[in-house]
Amino acid sequence: MESILAIAVSGLSKNYGSLEALSEVSFSVRRGEIFAYLGPNGAGKTTTIRILSGLLKRDAGEVSICGADVASDPVFVKERIGVVPDESNLYPELTCRRNLEYMGELYGLPRARRKSQAEELLSFFDLNGRATTPFGALSKGLKRRLTIAAALMHDPEVVFLDEPTSGLDVPSARALRELIRTINHQGATVFLTTHNLHEAEALSQRVLILIKGRVATLGTPGEIRQRVQNLNLLSVTFSAGIEAAPLLEACPAVLQASPQNGAWRLEVTEAQAALEQLLAFAGGEGVRISEINTITASLEDAFMSFLKEGEAKTEATP
Ligand code: ATP
């Protein structure tokens, strides 16, 4: 019977020498899902992708793709996955079309299939006009598109995208997100790493936050935001400019102040106490509070909150 899980990971651990890169990581990705795998630099995201795609050995745990163990069934797994690394693996001197056809050769596609698939992908990625351009001469955004196209030559069921929009300008990133949605609508499961939390929230059904090789939280973006509802956030606008965050942070109930769209975004211990202190502060400064609202935590707020918690835990560990 076909597994309903595209990816199943249980108790995955990996060390580099004495560095614990992954520690008992468990999660699963359903077929047809876009799953965002988030974490700060060095959290272990690339290490996970390398293990899931069979490029790196795990030290412990179970890892399967479409029901097959990655280590004991590598050919089955390689046929079903497409990996888009953050650095392109294509040949700069070969044309776009030739790069795709060559990738098809590596996957053992018959010649006619290689040719038709390359044409189909050039057209899907709007690269028809660049078919004879060497890969190396493309702009960064188009390079990224062709790199994704190359990973789709063998119609994989699961696509790994490692920071697909990093370094792209706004229109290119937006166009690429649309393409990722379309690839997913056409049936591919997408495993995405990104540092752009708005992108993760916009694209994915579920999100995992990895911190120092451990799962900090896993759920829908909405569920994750709910988990930090104890995070009290206020947006405050004063009738005249208050220049510096430390002035506001001098209120005992204000943990952190940052400017946001002409207002101050405040992380506070408790809204009522903060309000009283802010009124007293405004009086002292001779200004009024012209607007004050509570803010719902964004995925980025939640990420920062889990990050702080993860760092505090590590510091507390002797
Ligand atoms: P980034 O967002 O910066 O790409 P990441 O979440 O992908 O980070 P990894 O590249 O998986 O993180 O690295 C996890 C940890 O393992 C880091 O501390 C990194 O320095 C370390 N590491 C990664 N590869 C190796 C290696 N080949 N040898 C030793 N340490 C490594």
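Reply:

Residues 24 or more positions apart account for 68% of the contacts in the chain with a separation of 6 or more. Contact here means heavy atoms within 4.5 Å. This is a predicted model: local features need pLDDT of at least 70, side-chain atom pairs count only at pLDDT 80 or more, and totals for chains, interfaces and linings use all residues. Numbering starts from 1 along each chain as its sequence is written, and side-chain values use heavy atoms, without hydrogens or water.

The chain holds 11 helices and 14 strands. Both are DSSP runs, numbered from the N terminus: helices are H or I of at least four residues, strands are E of at least two. Of its 318 residues, 46% count as buried. Buried means under 20% relative accessible area, exposed over 50%, and partly exposed in between, with a 1.4 Å probe and protein chains only.

Now the close look: the ligand.

Next come the polar contacts. Each is a pair of N or O atoms within 3.5 Å; within protein, one must be able to donate a hydrogen and the other to accept it, and residues adjacent in sequence count only if both atoms are side-chain atoms. Tyr16 places a polar side-chain atom 3.5 Å from a ligand nitrogen. Ala43 uses its backbone instead: an N or O atom there lies 3.1 Å from a ligand oxygen. His195 has a polar side-chain atom 3.1 Å from an oxygen of the ligand.

How much of the ligand is covered? Alone, the ligand exposes 640 Å², and the protein buries 59% of that. Such areas come from the Shrake-Rupley method with a 1.4 Å probe; for residues, only the protein chains shown count as cover.

One more stop, helix α3 (residues 96-106). Its buried residues include Cys96, Leu100 and Met103. Their cover includes α4 and α5 (140-151). Just after α3, Gly108 takes a positive phi of about 75°. In α4 (residues 111-124) sits Arg114. Arg114 touches residues including Glu101, Gly104 and Met153, not counting those up to four places away in sequence.
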